[in-house]
Amino acid sequence: MPQDPDILRRSKFDMAVSLLACGVDPKKSALFEQSRVAAHSELAWIFNCLTPVGWLGRMTQWKSKMDQKRGHVASHAEILADESLTTGLKMGLFDYPVLQAADILLYKATHVPVGQDQLQHLELARDTAKLFNKTFKKNVFPKPIAITPPESQRVMSLRQPTAKMSKSDPSEQSRINLSDTPEVIQSKIRRATTDSLAGVSYDKQKRAGVSNLLTIYSAVRDISIEKAVQEFEGVESTKQFKEQVADAVIDRIVPIRNELARLQDDPGYVRQVLDEGAEKAVEVAHKHMEEVYKVIGLK
């Protein structure tokens with residue numbers, strides 16, 4: 001923060017549309033805006049009062065920011081004490097893993113689908129649940145278990161296959177968007193970074209680009225990496241390999257893209273889904289917060 005309010009509102013709506021287009025069923029799942037449920041912040045503050053600073057200091061994203069600032073300074077504490085070294089760093093970046101823990105534990109989630117880059121944050125949520133239960137001698141929160149896709153825990157950039165694919169990357173060529181046309185998808189994959197070696201094989205160290213395309217192919221085809229490699233046995237041409245990957249991605253993305261367009265033309269339905277989801281979430285969150293308040297003595 002700060003963000004442009006109009007852009008933020010639009011981004012939240014677009015995210016809801018994307019989730020619905022990908023198959024989230026509002027009859028089975030409560031889809032809502034976090035900001036509509038105040039209990040997220042309430043529980044996060046309670047967790048803030050318990051969470052050791054050292055836990056947050058070990059979070060990878062924060063550590064990477066610290067490493068950029070470190071220079072000749074030896075310790076984390078010294079960096080924080082020097083305002084010239086913390087310019088641009090906000091408390092929200094340091095503390096948001098606690099809010100994420102509250103997001104999960106508020107609903108007593110037992111299983112959480114995450115990518116590889118979020119496993120550390122889920123581990124913090126598990127530690128927080130354990131710490132709360134131990135501190136107040138009550139088994140209030142379960143320790144959530146990660147659900148990770150076995151083959152595609154992390155999808156990498158098309159342009160720089162050693163970095164993860166991200167919406168924040170300034171290059172549109174680095175990623176596949178759900179709104180991309182078949183022609184755009186073909187162009188992006190055709191330009192994806194690979195190597196000059198013949199054939200198709202999976203080796204993330206020596207053939208990062210090819211391995212990334214195999215990961216994407218296996219994910220959209222819902223098959224294992226081993227099966228994907230077998231399907232490209234005998235393919236020597238990088239062009240042919242990329243064309244087959246692009247075709248598979250298009251087959252998976254186009255139905256989602258079509259549903260995306262339909263939902264964007266029906267904003268009333270999307271907002272109704274979010275309103276109803278928020279009502280369900282508030283009901284569950286209020287019940288669990290009442291339990292928390294009683295356990296810690298605020299009620």
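Which helices are included in what covers the buried residues of H9? In this structure, which is a predicted model, the cover over the buried residues of H9 includes helix H8 (182-190), helix H10 (225-231) and H11. Helix H9 is mostly covered, with 12 of its 14 residues buried, and these buried positions are Ala208, Gly209, Val210, Ser211, Asn212, Leu213, Leu214, Thr215, Ile216, Tyr217, Ser218 and Val220. From its first C-alpha to its last, H9 reaches 20 Å, close to the 20 Å expected for 14 residues at 1.5 Å a residue. Just after the helix, Asp222 takes a positive phi of about 60°.

Two packed helices are described by the angle between their axes and the distance between the axes. For helix H9 (residues 208-221) and helix H11 (residues 238-264), the axes come within 9 Å and cross at roughly 35°, and the crossing is left-handed. On the side of H9 the contact is made by Val210, Leu213, Leu214, Ile216, Tyr217, Ala219, Val220 and Arg221, while H11 contributes Phe241, Lys242, Gln244, Val245, Ala248, Val249 and Arg252. Sorted by class, this contact has 11 nonpolar residues, one polar residue and three charged residues.

Among the residues that H11 brings to this contact is Gln244, which counts as partly exposed because its relative accessibility is 26%, a value that lies between the 20% limit for buried residues and the 50% limit for exposed ones. Leaving aside residues up to four places away in sequence, Gln244 touches Tyr217, Phe232 and Val235. The C-alpha atoms of Gln244 and Phe232 are separated by 9.0 Å, the two residues being 12 residues apart along the chain.

Helix H12 (residues 267-296) has 30 residues, which at 1.5 Å a residue should span 44 Å, and its end C-alpha atoms are 42 Å apart, in agreement with that expectation. The buried residues of H12 are Val270, Val273, Leu274, Gly277, Ala278, Ala281, Ala285, His288, Met289, Val292 and Tyr293. These buried residues pack against helix H1 (5-21), helix H2 (39-48), helix H7 (119-136) and H11; H11 is also included in the cover over the buried residues of H9. Just after H12, Gly297 takes a positive phi of about 100°.

Lys108, in the loop between helix H6 (91-105) and strand S1 (111-113), has a phi near 55°, a positive value in a residue other than glycine. With a relative accessibility of 23%, Lys108 counts as partly exposed. Lys137, placed in the loop between H7 and strand S2 (145-147), likewise has a positive phi, of about 55°, although it is not a glycine. At 72% relative accessibility, Lys137 counts as exposed, so the lysine lies over the 50% limit that this class requires.

As for the aromatic residues, a pair of rings is described by the distance of the centres and the angle of the planes. The structure holds eight aromatic pairs, and ring pairs link Phe47, Phe132, Phe136 and Phe141 into a cluster.

Technical notes. Residues numbered from 1 in each chain as written. Predicted model: local features only at pLDDT ≥ 70, side-chain atom pairs only at ≥ 80, totals over all residues. Heavy atoms only, no water. Axes fitted to C-alpha atoms, helices over the stretch in contact; angles between N-to-C directions. Helix = DSSP H or I, 4+ residues; strand = E, 2+ residues; numbered from the N terminus. Left-handed = near helix turned anticlockwise from the far one by under 90°. Contact = heavy atoms within 4.5 Å. Nonpolar A, V, L, I, M, F, W, Y, C, P; charged D, E, K, R; others polar. Buried < 20%, exposed > 50% of the residue type's maximum accessible area, 1.4 Å probe, protein only. Expected span 1.5 Å × (residues − 1). Phe/Tyr/Trp six-rings, centres within 6.5 Å; stacked < 30°, edge-to-face > 60°.
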